Amino acid sequence: RSFELARQRIGERPELLNLEAVFRLRRLDWAGAERLLRRSLELEPERADTTGFLARSLAGQRRFEESYPFFLTAVRAEPGQLIHRQEYGFALLRDGNAQEAVKVFEFARSIAPNDQLILAGLMLAYRETDDSRFHYLFDMRKFVRVYDIGPPRGFADVRAFNHALATELDSLHTT
């Protein structure tokens with residue numbers, strides 16, 4: 001109801017509609033987000049962030065073909081915003097279009113070679129297309145090892161440290 005009360009006070013502003021839409025996206029309320037984002041675009045049609053959010057809401061509803069033009073519009077409007085390319089690539093993967101996802105992720109990697117989401121998407125796309133470069137990104141023997149880590153100074157054992165760490169993290173993550 002907070003968003004509804006805010007709209008009653010200040011009216012329907014794109015910033016407010018987008019904020020509520022992002023809240024709904026996080027709660028996987030794809031259709032609710034779509035309704036707000038379409039209204040936001042009516043008020044301010046040139047907003048690339050709104051267009052990107054709308055593309056995500058459509059992809060979340062598995063309306064991939066409908067989402068693609070919105071992803072492309074957002075990418076063209078904000079070529080440096082990697083989130084549009086990341087989300088577009090993941091939508092292509094979910095839609096079974098791994099070949100196109102490879103292209104999207106490879107281009108994104110040329111912009112940000114160490115971005116973890118881009119690397120993850122590229123790895124998945126390579127795996128789906130049986131691309132040999134998959135093994136370059138995902139080499140278990142090279143990148144995964146078991147380490148015995150002792151407790152930091154001030155802790156009797158690892159269990160005591162993990163308990164203290166969990167308590168601290170729980171206090172920080174309240175939503």
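**Entry 1: the pocket.** I began with the largest pocket and found its lining to be Val22, Leu25, Arg26, Leu28, Trp30, Arg56, Gly60, Glu87 and Arg94. Helices H2, H4 (48–60) and H6 (82–94) are the elements that give two or more residues to this lining, and H2 gives the most, with 3 residues. I noted a volume of about 170 Å³ for the largest pocket. By class, I have 4 nonpolar, 1 polar and 4 charged residues in the lining.

My notes on terms: a pocket is an open set of points on a 1 Å grid over the protein atoms alone, where a 1.4 Å probe fits, with protein on both sides within 12 Å along at least five of seven lines, and lining residues have an atom within 4 Å of a point. Volume is the space filled by probe spheres set on the points, which are joined across faces, edges and corners. Ala, Val, Leu, Ile, Met, Phe, Trp, Tyr, Cys and Pro are nonpolar, Asp, Glu, Lys and Arg charged, and the others, Gly among them, polar. Helices are DSSP runs (H or I, at least four residues), numbered from the N terminus.

**Entry 2: ground rules.** I am reading a predicted model, where local features need pLDDT of at least 70, side-chain atom pairs count only at pLDDT 80 or more, and totals for chains, interfaces and linings use all residues. Residues are numbered from 1 along each chain as its sequence is written, and side-chain values use heavy atoms, with hydrogens and water left out.

**Entry 3: helix H6.** Among the buried ones I list His84, Arg85, Tyr88 and Phe90.

**Entry 4: aromatics.** Rings of Phe, Tyr and Trp (its six-membered ring) pair if their centres lie within 6.5 Å; planes under 30 degrees apart are stacked, over 60 edge-to-face, the rest tilted. I get 6 aromatic pairs by this rule. Phe3 and Phe23 make a tilted one, 5.8 Å centre to centre with 45 degrees between the planes. Phe3 is in H1 (residues 2–10) and Phe23 in H2 (residues 14–26), so their pair ties together parts 20 residues apart in sequence. Phe23 is partly exposed, at 40% relative accessibility. Tyr68, Phe71 and Tyr88 form one aromatic cluster.

**Entry 5: two positive phi values.** Which loop holds Leu28? Leu28 sits between H2 and H3, has phi near 60 degrees without being a glycine, and is exposed at 56%. Asp130, in the loop between H8 (116–128) and H9 (134–137), has a positive phi of about 55 degrees and is exposed at 71%. Ala98 lies 10 Å from Asp130, C-alpha to C-alpha, though they are 32 residues apart in sequence. Ala98 belongs to H7 (residues 98–111) and is buried at 10%.

**Entry 6: polar details.** Glu34, in H3 (residues 30–43), is buried with a relative accessible area of 11%. Its side chain makes a polar contact of 3.0 Å with that of Gln61. Such a contact is a pair of N or O atoms within 3.5 Å; within protein, one must be able to donate a hydrogen and the other to accept it, and residues adjacent in sequence count only if both atoms are side-chain atoms. Last, Asp157 caps the N-terminal end of H11, with a side-chain oxygen 3.3 Å from the backbone nitrogen of Arg159.

Notes. Buried < 20%, exposed > 50% of the residue type's maximum accessible area, 1.4 Å probe, protein only.
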